[in-house]
Amino acid sequence: AFDHHGMSRKSTLIAALKKAASLSADIVNLSLKIADRIDTDDISSQALEHMVSLFPYVVAASGNQGDPN
């Protein structure tokens with residue numbers, strides 16, 4: 001669920017999770033680099049949280065801009 005720059009947005013992740021739910025997935029693996037701000041009061045953040053809660057198992061990781069050395 002990434003664009004051509006390797007970034008994702010909440011709307012893209014929500015769409016991907018909807019697709020996984022429609023396929024009755026039990027496990028989702030999220031490796032994230034989100035371009036959007038995650039604000040828990042924001043309706044799209046709440047929608048993303050709801051979509052993640054639909055799955056019994058979620059594996060999630062996110063990267064950072066750490067020093068490669």
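Why does Val59 count as partly exposed? Val59 has 47% relative accessibility, and therefore falls in this class, which lies between buried (under 20% relative accessible area) and exposed (over 50%), using a 1.4 Å probe and protein chains only. The model is predicted: local features need pLDDT of at least 70 and side-chain atom pairs pLDDT 80 or more, while totals for chains, interfaces and linings use all residues. Residues are numbered from 1 along each chain as its sequence is written, and side-chain values use heavy atoms, without hydrogens and water.

**Nonpolar core**
- The largest nonpolar core has 9 residues: Leu13, Ile14, Leu17, Ala20, Val28, Leu30, Leu48, Met51 and Phe55.
- Helix H1 (10-22), strand S1 (27-32) and helix H2 (43-53) each give two or more residues to this core, and H1 provides the largest share, 4 residues.
- A nonpolar core is a set of buried Ala, Val, Leu, Ile, Met, Phe, Trp, Tyr and Cys residues joined through side-chain atoms within 4.5 Å.
- Helices (H or I, at least four residues) and strands (E, at least two) are DSSP runs, numbered from the N terminus.

- Ser45, Leu48 and Met51 are buried in H2.
- These residues lie on the same side of H2 because they cover an arc of only 120 degrees around the axis, taken from the directions from the helix axis to the C-beta atoms.
- Ile43, Glu49 and Ser53 are exposed on the other side of H2.
- The buried residues of H2 pack against H1.
- Beyond its neighbours within four places in sequence, Ile14 is in contact (heavy atoms within 4.5 Å) with Ser44, Ala47, Leu48 and Met51.

**Location of Val59**
- Val59 belongs to strand S2 (residues 57-62).
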